[in-house]
Amino acid sequence: MVKFMKEYNDTYPNITNMYSIGKTVEGREMWVFALSSTPFKHVPGKPEFKYVANMHGNEVVGRELLLLLIKYLCERYGTDDRITQLLDTTRIHLLPSMNPDGYEISKEGDSSSARGRANAHKQDLNRNFPDQYVINEFNRVIEPETKNVMDWTFSLPFVLSANLHNGALVANYPFDDTPNEERFKNPSPDDSVFRYLASTYSNAHRTMHEGQPCPMFPKEKFPNGITNGASWYIVTGGMQDWNYMVAGCMEITLELGCYKYPTADKLPEYWLDNKNALITYIEQVHKGVHGFVRSTIGTPISKAEIMVEGISHFVKTGKDGDYWRILLPGVYNLTVTARGYESYTQQIIIPSSGSYNYNVTLLKNDGSHWANAYDFDNVKNQYNPRYHSNGEIYEIMGKLENEYPDSASFQSESEVSMAIHSLKITEDIDSSDDHKFRIAIIGNLYATQPLGRELTVYLARHLLKGLKIGNPTIKKILNDTVVYIVPVIDKAFEQIWGDFEKEAPGTKVPETYICNNITADFKQVGDQVMNVGSSRVNSFAEMKSIANTFKRMLIEEKFNMVLNIEGGGSDMVYPNSKDNLSIYQKYYNAFTTNYRPPFLCGSDFSGTQNNLTEYLYREYDMPVLTAKVSCCSYPAVENLPYIWREVMLPIMKVLELASIGIHGYVKDETTKPMTNATIKVQGLNKTIEVAKATAHYNIMLPPGKYVIEVKCHNYKAFSVDVDITDSRIFLPITLQKDEGRSGLVVPVQSKHEDGDNEILHKPLYVNGIKTNGLRGYVKDTYGHPVANAILHVLENNVTVLSDEDGKYAIPLEVNKYTIHVTALGYHELTKYLSVTDSNGVPDIVMFTMIKNSNVLGLPRIIFVLIVGKIQHPPSVPKLFCILIFQDSV
C-alpha cells in the first residue's frame, strides 16, 4: 500500500501530496494521500474532503478502492473534464488504512470473523470516539489511531467525509446511537441532508439502491439502500457522529459489501460497483452555501458560527474566514455570529443547481454597544468583571433590593435564608405569590465552581432592569414566576480561590478561554448532599450543615424547578425521569438550541453531574437542571462578560419556557376548597398536592397536550384535556360529591410489626421481586418532616410509619387506594390515589399535615383558660391535665 502511494506521489508531484497523521500502537505510519491542483496546503475558499477506510483492519475493500481511486484521479486529471474540474475546485484526502496493525493479522477470504477488526490494544476504533450520550469502556481511553484522526480532522476545515466498511451493502447516516442505547430511528438536525447524501451514493452504486440483504442476514433489507444508524443497530463512540457533532464535518458510513475480506479476484467488480459513486459523493461537497466572513476592514473572522433557522446545528468558519454549509435547494434564514461582533441574519436562496456563494461582513461589537442592545444598558455586566467575596455578593444583593424595592427582596431572615441568602425577584414583590411558579437559580453548589456566583448576579441585574423598563418577555416571566437568585451556597470558594486575578477591565475580547485550576481538599457542599467524596475534618461540620440547609430549602420553598449554573462543560444536565412525557428534555432543548459557545467541550466530570441530579429528583422530588456554560470550571476573570453574552439568551429561553403551565384551584360545588385533592398529569410519575389553605395548585409544563386527573376522597375523579401553547392557563376545577364512597374512612385497625414499617428504598422489592407502590415524605406546612406519622392503606389494611426524616414507602400493586394519614398533634389527612405501573419505580406522593391546635376538642387558648379555673377533684389528678397540655404543645 505505502509503495503504491509513493509511486503515484512521485509520478504526479504537482497534484498529489503524501503525509502521515501519526503512528499506530505498533508504530506504523498512518499515511494520507491528498489530491488537488493545490495539494500542499489549504487554499481559502476551496473545500476539504476526506475518505477513511480500513478502520476495522479486517474490512479491506475500502482500502483497495481508495488505492484504485488514487490511480483513477491521477491518470485522468487534465484529460477528463469531470475529474479536472473536481481537483481544481476540491482538495481530496484519502486515508486508505486507519488500522494497519489490525490489517496485518487479518486473513484473505475471511467473510465474517473478528480477526484483525480491533487495533493492537484490542479496541474497536469505531466505538472509541467521544460520544454525545455516553462514556463507556469503549471510549473512556482514546486510542492513538483515534486521536490521530481527531487531530487531523481539527487541523483542516473538512466539509464532507465518508467512512468505508464491509459487512453489509448500505449507506448509513447519523445518528448511530440513542440517549438510552435502545434501537430506534434517531435523526440528526440535518436529517434531510444526510438522507440526500446517503441516497446520492446508493443511487450511483450499481446495486446498493436495490436494498437487497446479504446471504448471512436474509431478513435485513434496506429500502433504497440507506438507513439511519440507530434504527439499524446501536453504535456508541462512532466516528461519523463525532465528525458531525464536534468537528462540524458531515460524514456517513458506507458498507460496501457483504464480505469483510473477499479474495483479490473480486476487487475489479467492487471497483466497478463503486467507482462512479465514490466520485459523485465527493462532488456533493459543493452543495449548499459557501463564502467568507470578514470584518468591515476585510480581516477574516475565524470560528464565526453559521446557523440556519430551524436546524439546531451550526458550522464554523476556518482560520481564513471561509465556510461551507451543505444544504438542499430552498429558502433559508442564515445567521452568522462571532465573539466581539454583531450577529447578522439574511434570507438566502439555494438554487436548483445546488450551490450558492454568499459573503458576510460583521460589525465590531463593544461592551457598551452590546449592553445597550441586549442587556438594558447593564454595563456592570460588561466592564470591570470581578470575582467577588461572599460579603461583596451579599452587599450587591442588598443594593439591588434598595434599587428595585417593588420587585426585589433580599431574603436573609428565616432560619434557611440566614445560612443561604437569596434575592427574591417578581413583579409586585409584596403581593401574594401563591399562584406563581417558583424557580431557584443557584450558583456555587461546589466551592470549585465559582462561575455561577457571578452569572446569577448578572442575571439578577438583567431581570430587574428589564422589568423596570417594561420588557414584555421579562414582565410575562415575572408576572407568573417568583425567581430566587442564590449565588452562594458553598461559601468556601474564597478560601481556595488562589492567587489568580480577581478583577479585569473587560475592554478586550480574550483570544481564548483561560482556566484557573483549583482543587478542594475537603468535602464540598454538593458532595455533602449525597455524602460522597473525600473530607477534611476541620471543614466537615460546616459543609455538612450547609448541605442540610440546602436540602431543607428544597423541601420548604417548594420550588417548581432549580436552574444551576456551572462551568466544566458546554451542555445541560437534567433529570432522566422515567416519565413518558420527557418534559425536562424540552427545557434542555430550549437551552442547547440557543447556546452557541465559541468552543464545544465535553464535561470534565466536576461539579453537578447525573448522580446528584438523579438523587435530588428521586429523594426530594426536585428537578435540578444544570447549565454547563464554560469549558472551564473556574474561567479567568476577563472571560466573564463574554460568557455572559453567550449564556444570557439560552438562560432566558429556559425561564420563558418555565413560566408556562397551568394553575388554578380545586373546590367542591359549594366552593369549599378541596385541600386534600391530588392532581396527576398523565405520563408523569408524580402526584401534586394542592395548597393546604386555599387548594390552589401550580404545575409547570412546557407547551404540549396533556391529560390532567384530579382526585379527592369521597369525590368523583375529574379528568380534563389541556392544550398548552405559549402562556400559562388558568384552570379552576370543581369536584362533585361521590355518595357511593362516603363513610369509607375508618380508624386504623392494626399495625404490622414484621417489617412493613421499614422505609423501603428505590426500587421497592417484596420477596426479592420489584414492585410498584408509593413513596415520598410526610411534612408539615413549613416543610418540616413529620416523624412517626401513621399511613394506613384502607383497601388492604396495610400500615407503615414515616421515619425520622418524614420518609415513607409502601409497596402496592397497580390500583386505586385510599391513604389515611395521622400524626400526633396534626389534623388527619385522607387521599385517594392511583398507583401506576412503573416497573418497580414507586409513585412519588408528598403528604402535608396541618398542625392541630385543639386540646380535647377545644381551641388551645380556651382549654388553658378552663384549666386555670377548674378546681380538680381528687379522682382527676392535676398531672393528667398538665400532661395532655404538654403533649398538645
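## Cys 214 and Cys 258

Cys 214 has a relative accessible area of 5% and is therefore buried; in this predicted model, its disulfide partner is Cys 258, with an S to S distance of 2.1 Å. Cys 258 is likewise classed as buried, at a relative accessible area of 15%. The torsion about their S-S bond is about -85°, so this disulfide is left-handed.

Because Cys 214 sits in the loop between α6 (191–204) and β7 (226–228), while Cys 258 sits in the loop between β8 (250–257) and α9 (267–283), the pair ties together parts that are 44 residues apart in sequence.

## Cys 515 and Cys 632

The structure holds 2 disulfides, and another of these bonds joins Cys 515 to Cys 632, with an S to S distance of 1.9 Å. A torsion of about -75° about the S-S bond makes this disulfide left-handed. The pair links distant parts of the chain, 117 residues apart, with Cys 515 in the loop between α15 (493–496) and α16 (525–530) and Cys 632 in the loop between β23 (624–628) and α20 (640–658).

Cys 515 is partly exposed at 38% relative accessibility, whereas Cys 632, at 1%, is buried.

## Other cysteines

Cys 249 is buried at 0% relative accessibility, and Cys 712 is buried at 6%.

## Packing of α11 and α13

Helix α11 (residues 390–403) packs with helix α13 (residues 451–469) at an angle of about 5°, their axes lying 11 Å apart, and the two helices are therefore roughly parallel to each other. On the α11 side the contact is made by Asn 390, Ile 393, Ile 396 and Leu 400, and on the α13 side by Arg 453, Glu 454, Val 457, Ala 460, Arg 461 and Leu 464. By class, this contact has 6 nonpolar, 1 polar and 3 charged residues.

How values were computed:
Residues are numbered from 1 along each chain as its sequence is written. This is a predicted model: local features need pLDDT of at least 70, side-chain atom pairs count only at pLDDT 80 or more; totals for chains, interfaces and linings use all residues. Side-chain values use heavy atoms; hydrogens and water are left out. Axes are lines fitted to C-alpha atoms, for helices over the stretch in contact, and angles run from 0 to 180 degrees between N-to-C directions. Helices (H or I, at least four residues) and strands (E, at least two) are DSSP runs, numbered from the N terminus. Angles under 35 degrees count as roughly parallel, over 145 as roughly antiparallel, 65 to 115 as roughly perpendicular and the rest as oblique. Contact means heavy atoms within 4.5 Å. Ala, Val, Leu, Ile, Met, Phe, Trp, Tyr, Cys and Pro count as nonpolar, Asp, Glu, Lys and Arg as charged, and the others, Gly among them, as polar. A disulfide is a pair of cysteine sulfur atoms within 2.5 Å. Buried means under 20% relative accessible area, exposed over 50%, partly exposed in between (1.4 Å probe, protein chains only).
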